[in-house]
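Here is a short briefing to read alongside the model. Have the sequence and the 3D view open as you go through it.

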There are 2 protein chains.
Amino acid sequence: MKKSLGANPLVYPTPVWAIATYNEDGSSNAMCAAWGGICCSKPPCLAVSLREATLSHGNIMKRKAFTVNIGTEAFAAQVDYFGLSTGRNVDKFAATGLTASASTLVDAPFIEEFPLIIECTLQQVVEVGLHTQFIGEIMDVKADENIIDNQDLPDIELLRPLIFSPVARHYHGVGNFVAQAFEVGKKFRK
Amino acid sequence: MKKSLGANPLVYPTPVWAIATYNEDGSSNAMCAAWGGICCSKPPCLAVSLREATLSHGNIMKRKAFTVNIGTEAFAAQVDYFGLSTGRNVDKFAATGLTASASTLVDAPFIEEFPLIIECTLQQVVEVGLHTQFIGEIMDVKADENIIDNQDLPDIELLRPLIFSPVARHYHGVGNFVAQAFEVGKKFRK
């Protein structure tokens with residue numbers, strides 16, 4: 001017998017992403033978002049949901065672009081700060097000592113020190129409720145050499161992305177390898 | 001200097017969800033999806049993307065409902081099998097020995113043995129490209145008592161949800177607690 005926990009956004013895992021955009025004056029902003037995920041393989045797209053009240057919401061609407069900078073264990077405090085403050089009052093890059101680098105592909109900055117960044121152009125805007133969902137087409141993914149494996153893919157154990165538990169508001173790291181996907185389930189084939 | 005990895009869906013973490021639906025004849029199906037996330041707080045909504053070619057896609061279009069059953073370490077092989085087979089040819093519940101229980105809230109079954117399930121009604125259908133994104137309003141979240149913490153929330157360390165690495169196709173578990181969100185970043189406040 002399962003216990004009802006109510007109509008709440010209790011979903012696992014959720015990501016911890018820093019969404020970076022340009023402000024109207026050309027300065028850079030970053031916010032923290034956990035409501036997002038991949039939403040298409042071809043073209044490769046991801047979705048991230050922001051409240052209309054945020055500075056980043058307006059920035060994306062104007063520039064039609066943003067970057068996703070994957071929050072990692074090493075930058076837990078910085079990405080958390082992005083969610084505690086507003087770019088209307090502070091320069092979050094100056095406060096954290098991080099560097100905003102200009103993307104050459106999309107009209108948005110990325111965070112130089114973060115090991116994995118995804119450059120997106122805006123494909124669709126979907127009004128869901130309190131949150132607006134921005135669907136971004138992934139134009140490129142860029143990674144630091146020291147997190148890339150021998151197949152030229154990010155190694156999740158080297159990247160060490162944060163995992164957010166909604167409502168409880170905990171950040172966890174990634175644990176051990178469990179199994180190879182599209183493989184471990186074959187035992188149920190007749 | 002970052003290395004370009006191309007326009008690929010390399011995003012971390014991504015979830016491992018079993019999406020359960022009713023077939024036309026009233027039998028139950030489940031598929032595995034990693035392209036999803038929360039997309040709104042009020043009303044609480046999640047998004048999951050499926051290809052039109054899947055049986056589940058048609059099922060959701062017809063019944064306007066689905067459940068998300070969180071894939072966990074204990075059920076890695078079962079949820080993986082859901083992604084290896086099609087409900088057009090096999091009864092996936094019979095093959096894995098899992099139980100399809102009828103939701104009393106939405107027109108979809110859930111997986112009795114999975115410790116955390118989310119019951120959704122269809123709010124919106126968004127065509128993105130190869131994938132269709134289904135936005136589901138969360139009507140209830142139900143959990144086994146043995147994964148609920150003393151604040152009546154799922155404990156991620158007891159739930160042990162899987163984390164999927166796209167392209168590399170690895171399942172990992174959840175690691176150690178890293179920090180309290182909306183707290184650890186306060187040190188950057190002036």
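A:Pro15 stands opposite A:Ile163 in β12(A). Two strands pair if DSSP finds at least two bridges between them, and 2 bridges join β2(A) to strand β12 (residues 163-165) of chain A in an antiparallel run. Strands here are DSSP runs of E with at least two residues, numbered from the N terminus.

This is a predicted model, in which local features need pLDDT of at least 70, side-chain atom pairs count only at pLDDT 80 or more, and totals for chains, interfaces and linings use all residues. Residues are numbered from 1 along each chain as its sequence is written, while chains are lettered from A and ligands numbered from 1 in the order in which they are written.

**The sheet across both chains**

- An open sheet of 6 strands, with antiparallel pairing, runs in the order β2(A)-β12(A)-β13(A)-β13(B)-β12(B)-β2(B).
- The edges are held by β2 (14-15) of chain A and β2 (14-15) of chain B; each has a single partner strand, so one side of each lacks a neighbour in the sheet.
- Strand β13 (residues 170-180) of chain A is joined to β13(B) by 7 bridges, and the two run antiparallel.
- Look for A:His172 here: its bridge partner in β13(B) is B:Phe177.

**The contact between the chains**

- Chain A and chain B each bring 89 residues to the contact, where two residues count as touching if their C-beta atoms, placed from the backbone, lie within 7 Å.
- On the side of chain B that touches chain A, the largest share, 11 residues, comes from strand β13 (residues 170-180) of chain B.
- That side of chain B divides into 53 nonpolar, 23 polar and 13 charged residues; Ala, Val, Leu, Ile, Met, Phe, Trp, Tyr, Cys and Pro count as nonpolar, Asp, Glu, Lys and Arg as charged, and the others, Gly among them, as polar.
- The copies meet through the same surface, because 100% of the interface residues of chain B are also interface residues in chain A.

**Around A:Tyr22**

- A:Tyr22 lies in strand β3 (residues 17-22) of chain A.
- With 21 other C-beta atoms within 10 Å, A:Tyr22 is buried; the cut-off for buried is 20 or more such atoms, with C-beta atoms placed from the backbone.

Key:
Helix = DSSP H or I, 4+ residues; strand = E, 2+ residues; numbered from the N terminus. Buried ≥ 20, exposed ≤ 12 C-beta atoms within 10 Å, placed from the backbone.
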